[in-house]
Amino acid sequence: MINQKEYVLNLLNASESLENLLGKSGQIASAYPNEVKTFPLVVFEDSNQSDAEFCDNLPNATNCTVRIHIFTKVAGSKYPTTTAIALVVHDIFRRDYWACTANTETNDVDDSVRHRIMDFTRPFLSE
């Protein structure tokens with residue numbers, strides 16, 4: 001089993017391209033806020049960590065799934081689009097051998113807020 005939250009946070013924080021899009025630090029959160037007040041914002045959640053690749057009834061790997069939420073506002077060119085941020089996030093995860101299993105824009109209560117959800121999965125072999 002790995003510390004998935006720390007792993008994903010380090011992966012996202014290491015990207016200069018994502019930092020350039022999001023602006024100042026603190027735009028990446030590891031917990032879903034009660035109310036989104038910071039834009040743009042990338043939130044990630046551990047969706048699953050399950051044992052896999054069994055040998056002699058013991059797991060040799062962990063399947064990890066992470067859900068990414070991207071929030072931005074529609075305000076001219078002040079904020080990047082969810083699509084622009086999603087392309088960078090997708091590239092970050094693909095370079096680290098994660099598979100994208102879902103990528104969708106959702107309707108938000110506030111018409112000026114855009115919300116995209118992406119799911120990524122990857123097996124990690126035990127050492």
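Predicted model: local features only at pLDDT ≥ 70, side-chain atom pairs only at ≥ 80, totals over all residues.
**Salt bridges**

- Which residue does Asp119 team up with? Its side chain meets that of Arg67 in a salt bridge, with N and O 2.7 Å apart.
- This bridge reaches across the chain, since Arg67 belongs to strand E3 and Asp119 to strand E5, 52 residues apart.
- Another salt bridge joins Asp96 and Arg122, whose closest N and O atoms are 3.0 Å apart. Asp96 sits in the loop between H3 and E4 while Arg122 is in strand E5, so this pair ties together parts 26 residues apart in sequence.
- Are Asp96 and Arg122 buried or exposed? Both of them are buried.
- Arg116 and Glu105 also form a salt bridge, at 3.0 Å from N to O. Here the link runs from Arg116 in strand E5 to Glu105 in strand E4, 11 residues apart.
- Arg116 counts as buried, with 12% relative accessibility, but Glu105 is partly exposed at 32%.
- In total, the structure has 4 salt bridges.

**Aromatic rings**

- How many aromatic pairs does the structure hold? The count is 7.
- One of them is Tyr7 with Phe124: the ring centres are 5.1 Å apart and the planes are at 80 degrees, an edge-to-face arrangement.
- Tyr7 is partly exposed, with a relative accessible area of 27%, while Phe124 is buried at 10%.
- Phe39 and Tyr79 make another edge-to-face pair, because their planes are at 70 degrees, with the centres 6.4 Å apart; the label needs an angle over 60.
- Phe39 and Tyr79 come from two loops, 40 residues apart. Phe39 is in the loop between E1 and E2, and Tyr79 is in the loop between E3 and H3. Both residues are buried.
- Ring pairs also join up into a cluster made of Tyr7, Phe93, Trp98, Phe120 and Phe124.

**Nonpolar cores**

- A bit of background: nonpolar side chains tend to be buried together in soluble globular proteins.
- The largest nonpolar core in this model has 22 residues. Those with the most contacts inside it are Leu12, Leu18, Ile68, Val89, Phe93 and Trp98.
- Which elements give two or more residues to this core? They are H1, helix H2 (16-22), E2, E3, H3 and E5. The largest share, 6 residues, comes from H3.
- Apart from this core lies another one, of 6 residues, including Leu41, Val43, Phe71 and Tyr79.
- Leaving aside neighbours within four places in sequence, its contacts include Tyr7, Val8, Leu11, Cys64, Phe93 and Phe124. Thr121 and Arg122 are also among them.

**Backbone details**

- Strands E4 and E5 pair in the antiparallel sense over 7 bridges. A hairpin joins them through 6 residues.
- Which residue in E5 is the bridge partner of Ala99? The partner is Thr121.
- The peptide bond between Phe39 and Pro40 is cis, with omega at about -15 degrees. Pro40 lies in the loop between E1 and E2.
- Tyr97 has a positive phi, near 70 degrees, and it is not a glycine. Its place is the loop between H3 and strand E4, and Tyr97 is exposed, with a relative accessible area of 67%.

Terms used: Residues numbered from 1 in each chain as written. Heavy atoms only, no water. Phe/Tyr/Trp six-rings, centres within 6.5 Å; stacked < 30°, edge-to-face > 60°. Buried < 20%, exposed > 50% of the residue type's maximum accessible area, 1.4 Å probe, protein only. Helix = DSSP H or I, 4+ residues; strand = E, 2+ residues; numbered from the N terminus. Core = buried A, V, L, I, M, F, W, Y, C linked by side-chain atoms within 4.5 Å. Contact = heavy atoms within 4.5 Å. Pairing = 2+ DSSP bridges.
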